[in-house]
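Here is a short briefing to read alongside your model. Take a moment to look over the sequence and the fold, and then we can walk through the main points together.

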Amino acid sequence: WAGSKPKELLAQGVQNHRWSDKTVEETKIEKRRQTPFHMHINIELLECVYYVCSMLLEMPLIAQQQHDPTKFRMISKPFRRQLDFFCRQPFNGPPENTRD
């Protein structure tokens, strides 16, 4: 979720490249396509919703895996990575961001 790719996909920002082949007219068309600021979706909120939905989908699979370790399925790799990181911590303090 780092970078400007989610904002570009939601039409909330233009991705600027130094080596871009876009003409001035194409840039104007792309800026016209952008959504107004009051209609923007908060990227942190979007990420939080993604992780909550991933958790609801992954928990039954994790519980099933504890009973039968030969069946390993993964729906969301970023969620599993965050969960593994959280479980490896010796001390888990209060959450500092939406991922925690």
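**Cysteines, fold and two residues to look at**

The sulfur of C87 lies 18 Å from the closest cysteine sulfur, that of C48, which is too far for a bond. Please keep in mind that this is a predicted model.

**Cysteines**

- The structure as a whole holds 0 disulfides.
- C53 is in no disulfide, and the nearest cysteine sulfur to it, in C48, is 9.4 Å away.
- How accessible is C53? C53 has 41% relative accessibility and therefore counts as partly exposed.
- C87 has a relative accessible area of 58%, so it is exposed.

**Overall build**

- Starting at the N terminus, the elements follow the order α-α-α-α.
- Why is the protein described as more spread out than a compact globule? Its radius of gyration is 19 Å, whereas the globule rule gives 13 Å for 100 residues, and 19 Å is well over that value.
- Along the principal axes, the C-alpha atoms fill a box of roughly 60 × 30 × 25 Å.
- Among contacts with a separation of 6 or more, 44% are between residues 24 or more positions apart.

**Surface and charge**

- Buried residues make up 17% of the 100 residues of the protein.
- The protein exposes about 8,500 Å², and 59% of this area is supplied by carbon and sulfur atoms.
- There are 15 positive and 12 negative charges, and their mean positions are 3 Å apart.

**S76, in a loop**

- Where does S76 sit? S76 is in the loop between α3 (43–67) and α4.
- Is S76 buried or exposed? With a relative accessible area of 3%, S76 is buried, because buried means under 20%.
- Leaving aside residues up to four places away in sequence, S76 touches Y50, S54 and E58.
- One of these partners, S54, is 22 residues from S76 in sequence, and their C-alpha atoms are 6.2 Å apart in space.

**F86, in helix α4**

- F86 belongs to helix α4, which covers residues 77–88.
- The relative accessible area of F86 is 39%, so F86 is partly exposed.
- F86 and R99 are 13 residues apart in sequence, and from C-alpha to C-alpha they are 10.0 Å apart in space.

Methods:
Residues numbered from 1 in each chain as written. Predicted model: local features only at pLDDT ≥ 70, side-chain atom pairs only at ≥ 80, totals over all residues. Heavy atoms only, no water. Helix = DSSP H or I, 4+ residues; strand = E, 2+ residues; numbered from the N terminus. Rg over C-alpha atoms; globule rule 2.2 N^0.38 Å. Buried < 20%, exposed > 50% of the residue type's maximum accessible area, 1.4 Å probe, protein only. Contact = heavy atoms within 4.5 Å. Areas by Shrake-Rupley, 256 points an atom, 1.4 Å probe, with all protein chains shown as cover. Lys, Arg positive; Asp, Glu negative; His and termini not counted. Charge placed at Lys NZ, Arg CZ, Asp CG, Glu CD. Disulfide = S-S within 2.5 Å.
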